[in-house]
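Please open the model in your viewer and follow the stops below in order. Each stop gives a selection and then what is found there.

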Amino acid sequence: MTDPAPTEPGLGMQLLQVDDLHVQIASRRGTVRAVDGVSLAVGAGEAVGLVGESGSGKSMTLRAIMGLLPPEAKITAGRVLLDGIDLTQLDHGQLNKIRGPKIAMIFQEPMSALNPVMRVGLQIAEGPLVHLGLSRAAAAQRALELMRRVGIPDPEQRFRAFPHEFSGGMRQRVMIAIALSCEPQLILCDEPTTALDVTIQDQILRLLTRLCRESGTSLIFVTHDLPVVAQVCQRLAVMYAGQIVERGTVEEVLTQPYHPYTLGLVRSAPDVDHPRATLAAIPGSPPSLITPPSGCRFHPRCKFAEEDCTTEEPPLRVLRSGRATACLHYERCQEALPLGAER
Amino acid sequence: MGRMTFVYRRLLLLIPTVLGVTIITFFMIHLIPGDPARTILGIHATPRAVAILHREWGLNRPLASQYWLFMDRLVHGNLGTSLYYGVSVSSLITSHLPATLWLICYAAALAIVISVPLAMIAASRKNAVRDHVVRVVPLLGLGMPAFWLALILQTEFAVRFRLFPVTGYGTGFVGHLHSMFLPALTVAVALCPVVIRSLRASMLNVLGADFVTTARAKGVPAPRLFVRHVLRNAVIPAVTVLGINIGFLIGGTVIVESVFAVDGVGYLMINSIFQRDFPVVQGVALIFGIMVVVVNLLTDVAYASLDPRVRFDR
Amino acid sequence: MSAISLTPAAPAPAATAERAQPRRARWYRQPALMAGLVIIGIILFMVIAAPLITPYNPDTQNLNAILLSPSAHHWLGTDQEGRDTFSRLLYGGRTDLRIAFIAVLFPFALGTMLGSVAGYFGGWVDLLIMRLVDIVVAFPFFVLIIALVFVLGPGERSIYIAITLVGWVSYARIVRGEILVAKRQEYVLAAQSGGLSSVRIMARHLLPNVITQAIIYAMSDIVQDILAIVTLSYLGLGIQPPAPDWGTMISDGQNFLTTHWQLTTVPGLVVVVTGLGLSLIGDGLADLMRPGQS
């Protein structure tokens, strides 16, 4: 039984509250438990990171929140409360009204995420046109403003251009503009910079953080890349095999992880400032989500594993305000970490 | 390159093809076993008539010279004289062409109207019952002889139920719409299987694409999503397929015109075959060839108009 | 600060969100393919076993028994010359199917050959052959067939010639396309560096791999050929009477559509069902060749 998402002191009801979310996928080999009891909270104006390797369920979580799961996947339990409304109970029409004005999403592949036959300006203007009841001219004006805000040069010309005429970084700026177009309260980001050049990544991240800070928009930022999370988010949650295994502020978790998996992630991230002779990888491979290991799902790969780790599935325990871990023996992590992981 | 440059380039590439078409059409006369003139005239083959034809077609001259004669006439719009009607072939063709053009456009329009909803129904739930039904039923259309369907439709709806005229082209716009409905439907039925299959496949492709997820994430309502995002992308490959099969479409009009006695060039061709009117047959074959080439060009242009990525390549 | 990635974990097993790649389906488990084979099997059986099934000779006229309705004696009745319709149907099938199946072989062979040459050698050979393809394709299939048969004279031989001259293009295109892709594969480079002659490479290494697409196309081509044969006969340009044939049956029966509709309707239905069976086989084969995409 996982703990309900903790409330941040002083912020009252959370903007987004995910309670015990379960997503299952029907496949030929059995039922995949892609998201297995995830709880999450995001306050107004906050940027929360969701970190894990591929297959950990982080993208599925975002999709479940938006109601954009692939046809084989279903939410089998849990609630997603946005401003008090349970999104899992809404039908298509109601969901469509929320997408855009209240909640928006940015995807990983800017190449394929834009309609190739529709002009870029129109794609940005589409949201305001449909949701805010603006006239075509007013929506176009708004699109131009947005293009300027996200730093697309020469917006009047570029308005009529098609996606294939843009570079990857520019397309992602377009996606950001689309996401901001109806001034949502929350933006979900699914690895938005992974597919970009390293130099462009930095620009986009800075842009995103600045814009969200300026407008007070909350973010959920999914990535497998620790330094990126550190740059963008204040809090983070670590996912493994469909579950959240650790939670806390970015400083807390990255300087002193309380879960061996997080420890492994931190250790294996190469750090330019403190070069190591060898990169430490996490041994073993991600577990099956159809028949996960008994007890703690990480135990086959964990060097601190003990008897009790294999028998009972450990819950996500709150240690103090905002800090939680699913490791029964998290103190072992404190001993293991050398001091090299500061920013 | 802009759209016009695209068109000009395509036009230039067409020239060798059109030349080839003329060569084949020209050559048809030499495939006739024995003396072409004698064979064609049949029982009317008096020595004098044969000699006249020989002179008119230049059959005594060397091959290249004959071709030159043929092309020279062609460029001036002279396709020869009909043996049966005695008037110029080009005038015959000009008077019969409108009906065929009507039939082609009407059939293409009907095919689209039938295929788009069916493809949509199939693609909306892949591998469900309705998908399989939509995929199998058109297979019946693939194997269906056009003239047979034409006969049945004619007997049922025109003769028995008197809903449509039995034969003819009709007069006036509405008259055409009414008279040509059954013929156009017959031709469309042959076209639908191919169009449905291709539209369904491209719709399935598009439905799974990332940009559709983006649009859904934007909260775009279903009708707009379907038209401006899904359909708009899905038609692109389907247009190409339609264009490729226009050749069959046009060929199918020949027999359908005959059954419904619609006064088009196909009807003209069939009758001329039975009347052994070789110049007309040759002329019509040439026209058909040129029609297909033109339609292919239009398809390419339509494709370039629909897909902005194409124009900027190369 | 640069964004640095973690060392990638070992590849995840099939239990992630994506579907695992299914194994190549068994051919007898494909419903389309099986249905098609059953249909064609039944038709072929009935057509081949015609003398055993029906006692009547398809050409025997019996002017005392014209235009009879279906009965126990004549399962489909008789036509305007007293011939048994059912027999004519079966024997007509023999003629039409025989011609169609043979007729598809010539374009197949010619087109495959020209397509391989064009695809493998490229250059001006390719250009020439493809120009030729463009020109032939410029004519509507059926118009060219009719014109050729008209010119060559009606009958079976003209049908073969016309279909061959017109039909080779699709095979050439398909085979050329497949070869263009295949010749970049490593096993071809290996054969070339082993010093094998071009012909040998084409015949023994490339062709077996590219032929499948051509065979799948051949299924729909047979349907086209049946339609062409039947249409020509309807017009009187194809199989000449008194030989029984579906097209002639439809033509003979069209004057009696309101009274004895089975004379025209049944042969047409048989053509449709045959086309259905062949199309199902073609689709089934195509699905088989692309695992996991039915």
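How many bridges join strand S7 (residues 186–190) of chain A to strand S8 (residues 218–223) of chain A, and do they run parallel or antiparallel? Select both strands: 5 bridges join S7(A) to S8(A), and the two run parallel. Within this pair, Cys189(A) stands opposite Phe221(A) of S8(A).

Some conventions before moving on. The model is predicted, so local features need pLDDT of at least 70 and side-chain atom pairs count only at pLDDT 80 or more, while totals for chains, interfaces and linings use all residues. Residues are numbered from 1 along each chain as its sequence is written, and chains are lettered from A and ligands numbered from 1 in the order in which they are written. Helices (H or I, at least four residues) and strands (E, at least two) are DSSP runs, numbered from the N terminus.

Next, select the whole sheet of chain A. Its 8 strands form an open sheet of mixed pairing, in the order S6-S7-S8-S3-S9-S10-S12-S11; two strands pair if DSSP finds at least two bridges between them. Strand S6 (103–106) and strand S11 (317–320) of chain A stand at the edges with a single partner strand each, so one side of each has no neighbour in the sheet. On average, neighbouring strands are turned by 20 degrees against each other, direction ignored.

Now select strand S9 (residues 235–240) of chain A. Of its 6 residues, 6 are buried, meaning that 20 or more other C-beta atoms, placed from the backbone, lie within 10 Å of the residue's own. Arg235(A), Ala237(A) and Met239(A) are on one side, and Leu236(A), Val238(A) and Tyr240(A) on the other.

Show the neighbours of S9(A). Strand S3 (residues 47–51) of chain A runs parallel to S9(A), joined by 4 bridges, and Leu50(A) stands opposite Ala237(A). Strand S10 (residues 243–249) of chain A runs antiparallel to S9(A), with 6 bridges; here Val238(A) stands opposite Glu246(A). S9(A) and S10(A) form a hairpin with 2 residues between them, and Ala241(A) in the turn has a positive phi of about 50 degrees.

Finally, select chains B and C. There, 37 residues of chain B are in contact with 36 residues of chain C.

Conventions: Buried ≥ 20, exposed ≤ 12 C-beta atoms within 10 Å, placed from the backbone. Contact = placed C-beta atoms within 7 Å. Axes fitted to C-alpha atoms, helices over the stretch in contact; angles between N-to-C directions.
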